[in-house]
Each structure stands twice: as structure tokens, then as C-alpha cells.
Amino acid sequence: MSERYIGLMSGTSLDGVDGVLADFSDGLRVLGHASAPFDPRLKSELLALNQSGPDEIHRAQLAGNALMKVYAGVVHQLLATSGVALADVRAIGAHGQTVRHRPQEFDGPGYTVQLCQPALLAELTGIDVVADFRSRDVAAGGQGAPLAPFFHRALFGRAGETIGVLNIGGISNLSLLRADGSMLGFDCGPGNGLMDAWCQRHLGRPYDAEGAWAAGAVPDQKLLQTLLAEPFFAKAPPKSTGRDLFNEPWLQQRLAKFASLPPQQVQATLAELTARACSDNVMRHEPKLARLIVCGGGALNTHLMRRLQALLPGTQVVSSADAGLPPLQVEAAAFAWLARKAVRREPLDLKSTTGARGARVLGGIWPA
Ligand SMILES: Nc1ncnc2c1ncn2[C@@H]1O[C@H](COP(=O)(O)OP(=O)(O)OP(=O)(O)O)[C@@H](O)[C@H]1O
Ligand SMILES: CC(=O)N[C@H]1[C@@H]2OC[C@@H](O2)[C@@H](O)[C@@H]1O[C@H](C)C(=O)O
């Protein structure tokens, strides 16, 4: 049986799809990486679908179909560039696009929605598809996120060492892999999402490359304290979040009293907010952490990486590239790894991360 899997991730940044073709026959070997940006229409529709709007069920299905075409394009790109035959790929792990994340609503389990049409993807690729990774966890009382910590442990964990893995995507999440093999994983809060939105609004660019714009101003401490007063930051794990909370209206409401601040200073404050959301959690849960491996697009933000290092002077802050896997490949590889777990019906012990009642197999399988 082939040990080759494809992982496809389109995250909360809405920048597009990252795909990885990985071979797990001896640890992890990445055979290919491909990505595809969303065209502006699909991007704005996916963004709009994060909020309720007219005819949203219909629009969500069509957006899911359009998303699968982008996913299939990435699969074909991976096969073409790696030379791996279609029949040699055991399965695709397809995350889909999160448009709602409300794991706890009222007094029962809530829900989490990832737009995804696994049946269509199976048709378009001729490969088994594993999808819907989060709903079982929510059904078992968990947050449904983050799920990558299990992969972080498998890839970066070292017996006898405590290591942190920080993913900075649209939202940021931290995995603390402890020396005794136990682990803690949860979302920290905003990652690049608020910075991206502010940069798009004021510079017309999708993100602040290398954090150069933010680096040119000093954060406003009063605004920073106002943003950090959000109760999510003080909550104890398990916890997860998304665009449902950290969105542009959230920011605009808090900016109302800071109308005279120059936009660049707001950007510097948003970068500091992301850095603090992450570093405060390291200080709270593992103050003597020796090494923090950073992945996700935020690892490419030089200013953010410098701020993290400054806020965590006793910790060596490194990009995941220095630990063997480039930042934009980690999450996609995680969904290849999670697909393999589903195919092998191997449960994950979810308690320490999502807070689910116990170990569960995550994901459903749509045969080719
Ligand atoms: N060179 C760069 N300089 C600064 N920021 C960058 C750079 N390259 C990417 N980014 C940031 O990384 C983001 C994409 O990161 P990534 O692909 O990890 O997010 P995601 O997977 O969508 O999110 P999530 O992990 O929340 O699901 C971009 O939106 C941008 O903000
Ligand atoms: C609901 C959802 O899509 N959550 C994402 C999001 O993006 C980052 C953070 O918030 C994390 O909790 C999760 O993604 C990663 C892949 C995870 O599950 O580990």
C-alpha cells in the first residue's frame, strides 16, 4: 500500500491553497509543494461567506465547488512536477475553507463549517479524498481546532525536550510539546489576519511584506492595551477562534477612539498584538521554553519574528525551515498526515488540545 499522501490547506488568510505531496514510508519526505492563489472573485466570495448574507446556502455550495477546482489544479500540479503517478497516491487530505467556527453554542455542541465538496474532488482527481476533519471532534465536545499539534509532535517532537511550535496563519496557534511526551495545543488569537486587512485597506496590498511597513512605526501602547483587553486572550485552554471574532468590525470598533492614529502606527500595533498574543502564551504556559519553531506565513514576516525574539529573550525563535520543513508547507503536510491517520483508522488523543472527551478517528473518506 502506498504511503504517499497529498495534503491541501486553504486557511483563514484566504490567500489561496497550499498543497504538499508527502511520503510517509520513513518519517516524512516532501516530494512536492505547490500553491495556487484564489482569483479575486472567489476570494471576496469566501470572505463574504464568513458572515450571513442573502442566499448563503446556495452561494456556499457554489463556492465549495469553485474551491474544489482550485484544489484539483494543485493536485495536478503536484503530480506533474513530482512525476508521481496518480495511482501511487493513497489519498488526499482536503481541509476546505472555514467560513464559521462556533464549537460551543448554547448548551450543546456547536458547529464548525469548512466549505468542501469531497465527492467533487474525488471526481476531479480520481484519488480517494479524506475531508471533514473537525466535525467529529466538535461532536465529542472538543473545539474542532487546532488539529496540527499532533503532526507538530510527530514531526518536531524530541524525547526529553520541551519544544514550542507556533503557526502564524490568519489566526495563530501554539503547540507545546513537552519533554514527557504530553502536549498542549490551542489558538492564541490573531495571526496575520488583522494586519492583512489593514494593509489591504491602506496600501492596497494583500499583506505587509516582511513586515516592513509595521517596522517603520512605534506601536501605540493604549491601543495595544485596548486590543489585548479582549477576553479571549485571558481564557484558559482548550480554546480556538477564527474570523467569527477577530475580523475587521472587531478592529474598527476598537479603533473608534483612536481615529487620529496614523495608519502605519496602527499596523505596528497590530503586529505587536500578534507578537504579544503568542509570546504571552509561551510565558504563561512554558516560561523556560528553549526553542520555538515558527511556521505559517507569519514566519516570513521578519519584523514579527524579531518582535517574538525580543519578547522571548530566553527562547531561541527559529523558522520551521531551520527545523526541516518550510513555513508554508507545514499545515498542508499536516493534512496529508491527518489523512493517513484517517485511512489507517488511527484515533488521536484529542483531550490535550481540543478538549474532546477522548480519542477519536477524525475525517470521513470519499473513495475515488
Ligand atoms: N513575505 C511575507 N512577509 C510577510 N508576511 C507574509 C509573507 N508571506 C506570507 N505572509 C503572510 O502569511 C499569510 C499566509 O499565511 P498562511 O498561508 O500560513 O495562512 P493560512 O494557512 O491561510 O492561515 P491559518 O493558519 O490561519 O489557517 C499571508 O496572508 C501574509 O499575511
Ligand atoms: C477552524 C479553523 O479552521 N481553524 C484553523 C485556523 O487557522 C489557524 C488556527 O485557526 C487553527 O486553529 C486552525 O488551523 C490549523 C491547521 C489547525 O487545525 O491546527
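Author: The dialogue below takes up the chain, its sheet, a hairpin, its domains and a helix in turn. This is a predicted model, in which local features need pLDDT of at least 70 and side-chain atom pairs count only at pLDDT 80 or more, while totals for chains, interfaces and linings use all residues. Residues are numbered from 1 along each chain as its sequence is written, and chains are lettered from A and ligands numbered from 1 in the order in which they are written.

Reader: How many helices and strands does the chain have?

Author: Helices (H or I, at least four residues) and strands (E, at least two) are DSSP runs, numbered from the N terminus. The chain has 13 helices and 15 strands.

Reader: What radius of gyration does the chain have?

Author: The radius of gyration is taken over C-alpha atoms, and the globule rule is 2.2 Å times the number of residues to the power 0.38. For 368 residues a compact globule would come near 21 Å, and the 20 Å of the chain agrees with this. The C-alpha trace spans about 60 × 55 × 45 Å along its principal axes.

Reader: In what order do the strands of the open sheet stand?

Author: Two strands pair if DSSP finds at least two bridges between them. The open sheet has six strands in the order β3-β2-β1-β4-β7-β15, with mixed pairing. Because β3 (29-37) and β15 (364-366) stand at the edges with a single partner strand each, one side of each has no neighbour in the sheet. From one strand to the next, the twist averages 20 degrees.

Reader: Which helix packs on the sheet?

Author: Axes are lines fitted to C-alpha atoms, for helices over the stretch in contact, and angles run from 0 to 180 degrees between N-to-C directions. Two residues are in contact if their C-beta atoms, placed from the backbone, lie within 7 Å. Helix α13 (residues 330-343) packs on the sheet, and its direction makes about 125 degrees with that of β1. Parallel pairing is found between β1 (residues 4-9) and β4 (residues 91-94), joined by four bridges; G7 stands opposite G93 in β4.

Reader: How do β2 and β3 run, parallel or antiparallel?

Author: They run antiparallel and are joined by eight bridges, with D18 opposite S35 in β3. Their hairpin has five residues between the strands, and G27 there takes a positive phi near 75 degrees.

Reader: Where do the domains lie in the chain?

Author: Domain bounds come from an automatic or database domain assignment. This assignment gives domain 1 (4-144 + 328-366) and domain 2 (148-327). Their centres, taken over C-alpha atoms, are separated by 23 Å. In domain 1, 26 residues are in contact with 31 residues of domain 2. On the side of domain 1 that touches domain 2, α13 gives the largest share, six residues.

Reader: Which residues of helix α12 are buried?

Author: An α-helix has 3.6 residues a turn, so residues three or four places apart point the same way. In α12 (residues 302-311), the buried residues are H303, L304, M305, R307 and L308. Among the elements that cover them are α11 (263-285) and β11 (291-295).

How values were computed. A residue is buried if 20 or more other C-beta atoms lie within 10 Å of its own, exposed if 12 or fewer, and partly exposed in between; C-beta atoms are placed from the backbone.
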